Amino acid sequence: MSREHFGAVATPVYRTSTILYPDIETLASQNVPYKYGRLGTPTSQSFETAVAELEGAARSFALPSGLNAIATAILAVCGAGDHLLMIDTCYGPGRSFCDGPAKRLGIETEYYAPSHGADIASLIRPNTKAIYCESPGSLTFEVQDIPAIAAAAHARGVTVLMDNTWATPLFFRPFEHGVDLSIQAATKYIAGHSDVMIGVVSANADHVGRVETFVHDLGLSASGDDCFLALRGLRTLPVRLARHRENALKLARWLQMRPEVERVLYPALPDDPGHAIWRRDFTGACGLFGAVLKPAAKTQMTAFFNGFAHFGLGFSWGGYESLIIPARFTRTVGDFAAAGPVIRIHAGLEDADDLIDDLAAGFARMKEA
Ligand SMILES: *Cc1c(COP(=O)(O)O)cnc(C)c1O
């Protein structure tokens, strides 16, 4: 137990730009723990240290959002003339980043299918700088063989980036599986209450330097208030995740029995195609999963989505509340196929039976429409 901050159990919010130096010699030597607000305060450092420890990283950097963490990780590693292998199932705005600003900066992105393991080696070119992974993938939840990809990448001197938001560091330890830079949209489970936008890039020892330089050169930082809330969220992460997982599993199993459902997309289910790798590498599943419905008319889907009592219609996830959305995604190389609509569900902390009743009422509305 720390006796810092007069023994206050929670690190206080430091709001500051200027840090005063005791004398001109210290100002010249810069030999102080905190130099300037943007470069870190006890609040941001407490949060970063906690995330680094959980992820198994040498150091973590708090950033303004999860999407910013994606962009920061890519740009810290890749530059003009470099080739980036990007997972086809990446978070959608991450794809926009690669196809927009990264392309304009001269980074060539090639999308690869989530089924690639060791054979990703065949896609590596002399100018390939990074392989970006996200497992399970956004909206369709394919699990990647991260250790096999990392081995192939490292054999050719390629850096491995991974968006680890779904599992959180509690259910997947990225650096133990060969990841060099890990990304967290801490907006989701880490903050956990849908009231903060914050992201984190965590790096192993080999990559800390270049991330730090990039973050400092771009003037990126997260506010003390947001770091405080994210750190507070971390305190209850394990108990919240246990409940999210329990609720998600109940809903997923219930959906599997429903005549309206073609298949459920959740690696924690034994018949999920990604289950074996998930069991091998992950220690748990969160509350976010998908389902492919049997083909339905647009009017039926409208009736389904309009009228939920507990599920909210909205983006993001990882908060206390349950959410449901139609899943819209771009795929250019994967083999994901669905004849009917795909939905995404975030199982919140509510009573699972209430959530099941809510979905059952949705299916009833769908039938009536
Ligand atoms: C939401 C999300 C992000 C982006 O996080 P923001 O904080 O909303 O910018 C990144 N990756 C994944 C997998 C996400 O779901």
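How do the residues of the shell around the ligand divide into nonpolar, polar and charged? They divide into six nonpolar, four polar and three charged, where Ala, Val, Leu, Ile, Met, Phe, Trp, Tyr, Cys and Pro count as nonpolar, Asp, Glu, Lys and Arg as charged, and the others, Gly among them, as polar. The views below show a predicted model, in which local features need pLDDT of at least 70 and side-chain atom pairs count only at pLDDT 80 or more, while totals for chains, interfaces and linings use all residues. Residues are numbered from 1 along each chain as its sequence is written, and side-chain values use heavy atoms, with hydrogens and water left out.

**View 1. The shell around the ligand.** Gly-66, Leu-67, Asp-163, Thr-187 and Lys-188 come nearest among the 13 residues around the ligand, a residue being near if one of its heavy atoms lies within 4 Å of the molecule. Helix H3 (residues 66–77) supplies the largest share of this shell, three residues; helices (H or I, at least four residues) and strands (E, at least two) are DSSP runs, numbered from the N terminus.

View 2. An oxygen atom of the ligand lies 2.8 Å from a backbone N or O atom of Leu-67, and a nitrogen atom of the ligand lies 2.6 Å from a polar side-chain atom of Asp-163. In the side chain of Thr-187, an N or O atom is 2.5 Å from an oxygen atom of the ligand. Of the 380 Å² of accessible area that the ligand has on its own, the protein covers 92%, as computed by the Shrake-Rupley method with a 1.4 Å probe.

**View 3. The cis peptide bond at Pro-136.** Ser-135 and Pro-136 are joined by a cis peptide bond with omega of about -10°. Pro-136 belongs to the loop between strand S4 (128–134) and helix H5 (146–155).

View 4. Phe-6, in the segment before helix H1 (24–29), is a residue other than glycine with a positive phi, near 60°. Phe-6 counts as exposed because its relative accessibility is 85%, the classes being buried under 20% relative accessible area, exposed over 50% and partly exposed in between (1.4 Å probe, protein chains only). Gln-30, located in the loop between H1 and helix H2 (42–55), also is not a glycine and has a positive phi of about 60°. With a relative accessible area of 32%, Gln-30 is partly exposed.

Notes
A polar contact is a pair of N or O atoms within 3.5 Å; within protein, one must be able to donate a hydrogen and the other to accept it, and residues adjacent in sequence count only if both atoms are side-chain atoms.
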